[in-house]
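Biologist: Could you take me through this structure slowly, setting each label against the rule behind it?

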Amino acid sequence: RGLGLLKKYGYLPYDKDPEMETVAKGLEYALADDCVAKVARLLGKKADAKYFAERAQSYRKYFDPKTGFMRGIGTDGKFREPFNPFSAVHRQDDYTEGNAWHYTWSVFHDPEGLIRLMGGKEKFNQMLDSVFLLPPVFDNSYYGFTIHEIREMQVMNMGNYAHGNQPIQHAIYLYDYSGQPWKCQYWVRQVMDRLYTPTPDGYCGDEDNGQTSAWYVFSAMGFYPVCPGSGQYALGTPYFKSMKLHLENGLQVSIQSEGDGCYVDDMQMNGKKYDLNYLDLNSLRQGAQISFRLSEKPNLQRGILESDAPYSFSKFMK
């Protein structure tokens, strides 16, 4: 039913979908369409690639420029009212176990497009900063009680960043796209130090099919797959001094780090200086030696160029 509505309206209207959660579903459909468009291009299906590439931009429909959030929208083209970014709306949820502060960042395949919608990098970074600066509050009027995903967010006390609820786990890495990768490095280390412990209650929330563990393993290596299907991993900061990946083709990826702190002061890939904010899957498959020099102070000149950012649909389709 949802795909039929998407085809008819170009988005999922909240007043036509009885299953609700239209913002959450609609944003994930846009990511799926981006992946399908890539496959169609590889198969030489130009018409299909164009069709799904256009649908991959449907996330724009849910963005409200007045409030800066992704919101439920009806068949009349108007956003649902009243609106509270800390809660679901009325008794009908536009999101899934979260609120607008959590789901507005769910444009996995096109962070650059989201940056533009928000008015540029400065406003985008201010908005993303706010996730961590806000108090850990949530309006529970929709559920009638505080659900455990939100209670866990409040206990973690990292603002409105709900790491125990998977939809926002990628958001820290979006600083790689907005020219401030040192903030990504800082918050990745904060999450790893504060929210994971080797105890029976060592997880900060739901495991959900291995997602929370996968975030830790990837982040410990120093990178994370923000956009499935892009063939790239957004760069973070390594957690250990030495790690090795033994690939199925017999080659290895060696990850070494030296220095104290969480900030990447310098990085080398196969002996050459490396300033990009992402790693390429195909390069890793060929075997690689990656070395980080970490610092207790951020390097404000590294990874700040447009060309340093990972894949975004808007840049790829230029």
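**Rings and charges**

Modeller: Let me start with one residue of this predicted model: Arg71 is buried, its relative accessible area being 4%.

Biologist: Why is Arg71 called buried?

Modeller: The word is used for a relative accessible area under 20%, and Arg71 has 4%, so Arg71 counts as buried.

Biologist: What makes the contact between Arg71 and Asp64 a salt bridge?

Modeller: A side-chain nitrogen of Arg has to lie within 4 Å of a carboxyl oxygen of Asp; for Arg71 and Asp64 the distance from N to O is 2.7 Å, and therefore the pair qualifies. Asp64 is likewise at 4% relative accessibility, so Asp64 counts as buried. The charged end of Arg71 also sits over the ring of Phe83, at 4.2 Å from the ring centre.

Biologist: Which residue meets Arg80 in a salt bridge?

Modeller: The partner of Arg80 is Asp94, with 2.7 Å from N to O. Both residues belong to the loop between β2 and α4, 14 residues apart, and Asp94 and Arg80 are each buried. Arg80 lies over the face of Tyr14 as well, 4.0 Å from the centre of that ring.

Biologist: How many aromatic pairs does the structure hold?

Modeller: There are 23 aromatic pairs, and one of them is formed by Tyr51 and Phe52.

Biologist: Why is the pair of Tyr51 and Phe52 called edge-to-face?

Modeller: Their ring centres are 5.0 Å apart, which is within the 6.5 Å needed for a pair, and their planes stand at 80°, which is over 60 degrees, so the pair is edge-to-face. Tyr51 is partly exposed, at 33% relative accessibility.

Biologist: Where in the chain are Tyr173 and Trp215?

Modeller: Tyr173 is in the loop between α7 and α8, and Trp215 is in helix α9, 42 residues apart. Their rings form an edge-to-face pair, 6.5 Å from centre to centre with 65° between the planes. Tyr173 and Trp215 are both buried, and they belong to one aromatic cluster whose members include Tyr196, Tyr203 and Phe240.

Key. Residues numbered from 1 in each chain as written. Predicted model: local features only at pLDDT ≥ 70, side-chain atom pairs only at ≥ 80, totals over all residues. Heavy atoms only, no water. Phe/Tyr/Trp six-rings, centres within 6.5 Å; stacked < 30°, edge-to-face > 60°. Buried < 20%, exposed > 50% of the residue type's maximum accessible area, 1.4 Å probe, protein only. Helix = DSSP H or I, 4+ residues; strand = E, 2+ residues; numbered from the N terminus. Lys NZ or Arg CZ within 6 Å of the ring centre and 35° of its normal.
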